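Thanks for coming. I will take one structure today and walk through parts of it in turn. Please have a look at it first.

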Amino acid sequence: MKSILQKTQVILLLLCFSLPFAQQRMKLPADVLFYMEINGKQLDKKINWEKFNPILQEVTKKRKEKLSWTDYSKTGIKYDAPQYHYASFNDSVKAYTAHFIIDNKEKFQEFVNSIKKKGLENSRKSNYSYVSLDDDIFVAWNGSRAVLKMISYDKPYKDNWDEAAVADSAAAVIDSVAAAVVDSVAVDSTYADTPEKPFDYKEEIQYLKDDIKYLKESIKENTAEIEKIQKDIKYLEKHHQYPEEKKGSADKKYEEPIVETESLPAPEEDMEDLQIPESDNFKKEMDSLKTEKFKMHRKLAEESFDQYFNSNLELDVPAEMTASRDAGSDVFVYTNYGSLANNGVYGKMMRMYEYGSLLNSIYNSDSSYNLYFDKDKVRLVNNYQHKNEEVQKSVEGIYNGRKNKKLARLISDKSIGYYAINVNSSKYFDMMYALMKNAGDTGYQKETELIMETVKIVLDEEAISKIAPGNGIFVLNELKSKTVEYTEYEYDEAYNEKEVKKTKEVAAPDFVFAFATENEGYWNRIFNLLATNKKTAKNFSKNGNVYSFKEDHNSGFMDELFFTVKDGIVYVTTSVNSLHIENQGQISKAWMKDSTKYPASGRFDVQKLLAGLEKEFKSSSERKMLDLVRKNVGDVYFKSESKGNTIQTEIDYSIKGSSENSLMYFFDLFDEIYKLNEADKKPPVL
């Protein structure tokens, strides 16, 4: 019994000591501004590989190098497993990373070997292998996981916008990232979480071998270019002109053999006789820079791979990034607009201005998207949330407006689409106050607060909101053909300019824009002023209670605009007949219901829209493309409302055609467009 207790104590002790060394989940870099999850379990069921695979083969067959891979449905990647993608950037490094699950390591290696550069060997590490697909693209894998990484490095410039950086000249001048590569030390604090490893001469030998292969490829490219230039020089010396080019070809045709000329010098020979030493030095310098940049990319990629494959191969994603994720969506995306606006060059540029922080405060928000490929439509649901709670509440207040059914009556059966809002306009003041208050220390914080208090005292928010409470609608009824005049300039043989008047057919919109008001007198006074003022009366006129605006010439898209105020509604329209809607059908009634249901909504019939634009497509190929698109497009509908602690906007696109689902719909449409373009490129049969 005593022996059992002692063994148990030893095991527990070992477990306690091993816990700190257990593999942890890999944390996302702190500067991630884009994160995406692909629900492979659902998407794999919606992809028809029998259709999709030939499309990929058709697109890739035109590459200069013929790929040996033909079946993209069998790359070794487990397509019915989740995928994780994220992008990050700082002052010097921009990186895009994708994580995949592998179900067939041999197939995956075969696929990688088919797309990597010729001659490059896979680099082997203790627990993974990796290879560069290009100068800035790397892929690493083990038996169950694969990581693709695209990296771009740019040496950071001296920060002229940051006063702290200017004061600290040493910090501004030293490029810590570049210095780290020269000294073979970990680079960039964002990517330097792992401890420095001891020097491995075998690993360094492999680096040098890779460098040799990379430089040899550059030599081949430069040698071919040098030989081409040498031929041009010899031809110019003899003929005093470049050789004639074949029609339809970019290659120079050397009709006459070059005789009595010295043999061409080898690429490694001295170029002084050819009088291009400066060009040669420039190429050498560029090759050197290219090599150093490749070393940097490889160093960053390898450190990232080490960090991932030394973890438990799971990503540790912050909860705030996935707060709005729907497990039923096919794709989930998170974007950090605050980091996009406040970091990098844009954010530093804004700090140059006294009130630049106000703009940064406006963008300080997160957005997430759930994408659904349903059978009959594509749905995109966006959740927006400002990072400041006070600002977010003021935005939500705007979305709590009253409904106005009078505006919905402007929708008719002939309408192409509409956009309607039912918001609380008085809350815009609260939002602006909150943004200014939370903009941070602008250098004039006390002055800003005083201005805000003065605005609150001077402006009567309630009175202003009665002018336009926040209910409005724009209805596009149809697109009518209109002949307009325009001027072109032609030139004779002596380059004398001559004006030529021409006409063309354009699509003119027939629309009505209307919004509610509780102060009709205010708008009537504005319109009356426009009709009586000496300068504006030339174009504005009044007929009863209808005001009109007409241009002096026939070059615009609209002949005349009409303005009127009636029953608490201000109207702006291209036709007075648009104000009298009769005999609304089931479709327009459904649109009317949606227009009053949400704070913001809209719908457009894309087929009707393209029908109105028909005359804009002149050539035969353009009309074929128009017919193809019209056959496949559907309706676009969106709605936006305050939901929970976010502003949620849903966009739906209904599909037409015989596709299995909305995902394959886009592939089928792309395939048809691709084939149509290829057919147009073929010469006509005589």
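Before the helices, a word on how packing is described: axes are lines fitted to C-alpha atoms, for helices over the stretch in contact, and angles run from 0 to 180 degrees between N-to-C directions. Helices (H or I, at least four residues) and strands (E, at least two) are DSSP runs, numbered from the N terminus. This is a predicted model, in which local features need pLDDT of at least 70, side-chain atom pairs count only at pLDDT 80 or more, and totals for chains, interfaces and linings use all residues. Residues are numbered from 1 along each chain as its sequence is written, and side-chain values use heavy atoms, with hydrogens and water left out.

First, the overall figures. The protein has 22 helices and 22 strands. Of its 686 residues, 39% count as buried, where buried means under 20% relative accessible area, exposed over 50%, and partly exposed in between (1.4 Å probe, protein chains only). A contact means heavy atoms within 4.5 Å. Among contacts in the protein with a separation of 6 or more, 68% are between residues 24 or more positions apart.

Now the helix packing. Helix H21 (residues 620-632) packs on helix H22 at an angle of about 165°, and their axes are 11 Å apart. H21 and H22 are therefore roughly antiparallel; the classes are under 35 degrees for roughly parallel, over 145 for roughly antiparallel, 65 to 115 for roughly perpendicular, and oblique for the rest. H21 passes H22 in a right-handed crossing. A crossing is left-handed if the near helix is turned anticlockwise from the far one by less than a right angle, and right-handed if clockwise. On the H21 side the residues that meet H22 include Met625 and Leu628, and on the H22 side they include Leu669, Ile673 and Leu676.

H22 (residues 662-681) has another partner, helix H3 (residues 49-60), at an angle of about 40° and with axes 11 Å apart. That angle makes H3 oblique to H22. H3 passes H22 in a left-handed crossing. Which residues of H3 meet H22? They are Lys51, Phe52, Ile55, Glu58 and Val59, and they meet H22 residues including Phe667, Phe670 and Tyr674.

Next, the largest nonpolar core. A nonpolar core here is a set of buried Ala, Val, Leu, Ile, Met, Phe, Trp, Tyr and Cys residues joined through side-chain atoms within 4.5 Å. The largest one has 27 residues, and those with the most contacts inside it are Leu28, Tyr35, Tyr86, Phe305, Phe309 and Met321. Elements that give two or more residues to this core include strand E2 (32-38), strand E4 (93-101) and helix H9 (277-309). H9 provides the largest share, seven residues.

Tyr86 leads us to the sheet around it. Leaving aside neighbours within four places in sequence, its contacts include Leu28, Tyr35, Tyr96 and Leu315. In E4, Tyr86 has Thr97 as its bridge partner. Strand E3 (residues 83-89) pairs with E4 in the antiparallel sense over six bridges, two strands being paired if DSSP finds at least two bridges between them. A hairpin of three residues joins E3 to E4. E2 and E3 also run antiparallel, joined by six bridges, with Val32 partnered by Ser88 in E3. Why is E3 described as largely enclosed by the rest of the structure? Because five of its seven residues are buried.

Strand E13 (residues 417-422) pairs with strand E14 (residues 471-491) in the antiparallel sense over six bridges, and Asn422 has Asn471 as its bridge partner in E14. E14 in turn pairs with strand E15 (residues 497-516), again antiparallel, over 19 bridges. In that pair, Gly472 stands opposite Phe515. E14 and E15 form a hairpin with five residues between them, and Tyr495 in the turn has a positive phi of about 65°.

Gln648 lies in strand E22 (residues 646-654). Is Gln648 buried or exposed? Gln648 is buried, because its relative accessible area is 18%. Leaving aside neighbours within four places in sequence, Gln648 is in contact with residues including Val381, Asn383 and Glu641. Ser123, in strand E5 (residues 123-124), counts as buried at 6% relative accessibility.
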